[in-house]
Amino acid sequence: MSVLTMEPAEASPRRRRRRSDRATPARSLPILPAVLLLLVFLAGPIVWALLGSLSNRALTGPGAANPQFVGLDNYARLLADPVLPLSIGVTVAFVVGSAVVGQNVLGMLLAVLFRVGNRGLSGLVGVLVVTAWVLPEIVAAFVSYAFLSADGTLNSLLSGVGIDGPNWLYSLPLLSIILANTWRGTAFSMMIYRAALDDVPPEVTESSMLDGASAGQRLRFITLPMIKSTIFTNLLLTTLQTLSVFTLIWVMTKGGPGNLSTTLPVFAYTEAFSFGDIGYGNAIAVVMLVLGAVFSIGYVLSLRRGGDRA
């Protein structure tokens, strides 16, 4: 009897595993809509851009009525275009200056200010920063244009103290769009870092204080290493967001003067919709995708190496 009674008990886990295995497809059903949305709105445009870059598709003319496959002709033409290296350089400078340095460094400083600064001042600064973030991009672009134009707010303030300011959008177009995008996007980094700093165990900080560590040493050797994964994640998110900025630049400078603020999105838009060459514009968009992948892979590898060392 003992043998007979043990067999069902031994067989039941196997039956439960089989039922669990059979239920696996059913468990995947809830994520099916998300997968379909990703295929339609993410993979679909990427595939369309890749295919379009291999054709002579245009807005008007024969390329619009009957686009033909041209292979890598658009890419060969793009490699010979002198605007491409300039546009890549401007894009990298814009991303590094605005996302990597501007938004992340300033966001971290503001997050630290919220922890150690005066509550009233911190609240006022937080409201000003978050207001810039919640503004629609087109509104933020017009505000930035009004602030930095030749007869704008900044030059009016400078003239009040006897300084004749330049036409920032013409003399320093790249710096102007970097400052404008930093102003608009810093709130996101500030909130991410504020949440990360709040998760640092207070007993760790208190122990370092008892050991005589200064505030700068605590931030550098204790706090930053503990939120390292958050820093790299935020760097990745802000970089990809900044890489795709178009409206802000188009309203402020339209990529000028002389392509000095022409990032890859502006370059692609100009070729595709101003000149009507959709295929060539798609080739530029593919280059932008590759550049975004390079940044993403670099961040992921850096995070993994940092984790291995830790």
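**Pockets, a salt bridge and a loop**

Author: The lining of the second largest pocket divides into 6 nonpolar, 3 polar and 2 charged residues. This is a predicted model, in which local features need pLDDT of at least 70, side-chain atom pairs count only at pLDDT 80 or more, and totals for chains, interfaces and linings use all residues. Residues are numbered from 1 along each chain as its sequence is written, and side-chain values use heavy atoms, with hydrogens and water left out.

Reader: What makes a residue of that lining nonpolar, polar or charged?

Author: Ala, Val, Leu, Ile, Met, Phe, Trp, Tyr, Cys and Pro count as nonpolar, Asp, Glu, Lys and Arg as charged, and the others, Gly among them, as polar. The lining consists of Val 112, Arg 115, Val 116, Leu 197, Val 200, Thr 205, Ala 215, Gly 216, Arg 218, Leu 219 and Thr 223. Arg 115 and Arg 218 are in that list, and Arg is one of the charged types, so both count as charged.

Reader: Which elements give two or more residues to the lining of the second largest pocket?

Author: They are helix H5 (83-116) and helix H12 (215-226). H12 gives the most, with 5 residues. A helix here is a DSSP run of H or I with at least four residues, a strand is a run of E with at least two, and both are numbered from the N terminus.

Reader: What makes something a pocket and not a cavity?

Author: The test uses a 1 Å grid over the protein atoms alone: in a cavity a 1.4 Å probe fits but cannot get out, whereas a pocket is an open set of points with protein on both sides within 12 Å along at least five of seven lines. Lining residues have an atom within 4 Å of a point. Grid points are joined across faces, edges and corners, and the volume is the space filled by probe spheres set on the points. By that count the second largest pocket holds about 300 Å³ and the largest pocket about 540 Å³.

Reader: What lines the largest pocket?

Author: Its lining has 21 residues, and Pro 45, Ala 49, Ala 285, Met 288 and Leu 289 lie nearest its centre. Of the lining, 18 residues are nonpolar, 3 are polar and none is charged. H2, helix H13 (228-243), H15 and H16 each supply at least two residues.

Reader: How do you know that Asp 277 and Arg 77 meet in a salt bridge?

Author: A salt bridge needs a side-chain nitrogen of Lys or Arg within 4 Å of a carboxyl oxygen of Asp or Glu. The N to O distance for this pair is 2.6 Å, so the pair qualifies. Asp 277 is in the loop between helix H15 (264-274) and helix H16 (278-309), Arg 77 is in helix H4 (residues 73-79), and the two are 200 residues apart. The structure holds 1 salt bridge.

Reader: Why is Asp 277 called buried, and why is Arg 77 called partly exposed?

Author: Buried means under 20% relative accessible area, exposed means over 50%, and partly exposed lies in between (1.4 Å probe, protein chains only). Asp 277 has 18%, so it is buried. Arg 77 has 41%, so it is partly exposed.

Reader: Why is Phe 41 called exposed?

Author: Its relative accessible area is 61%, so it passes the limit for exposed. Phe 41 is in helix H2 (residues 32-53). With Leu 29, Ile 31, Leu 32, Val 35, Leu 36, Leu 37, Leu 39 and Val 40, Phe 41 makes a nonpolar surface patch of about 880 Å².

Reader: What makes a set of residues a patch?

Author: Its residues have over 30% relative accessible area and no salt bridge; like charges are joined within 9 Å, and nonpolar side chains (Val, Leu, Ile, Met, Phe, Trp, Tyr) within 5 Å. The areas come from the Shrake-Rupley method with a 1.4 Å probe, and for residues only the protein chains shown count as cover.

Reader: Where is Lys 254 found, and why is it called exposed?

Author: Lys 254 is in the loop between H14 and H15. Its relative accessible area is 55%, so it counts as exposed. Lys 254 has a positive phi of about 55 degrees although it is not a glycine. Asn 259 is found in the loop between H14 and H15 and has a positive phi of about 65 degrees. At 31% relative accessible area, Asn 259 is partly exposed.

Reader: Why does Ala 187 count as buried?

Author: Its relative accessibility is 0%, so it falls under the limit for buried. Ala 187 is in helix H10 (residues 173-198).
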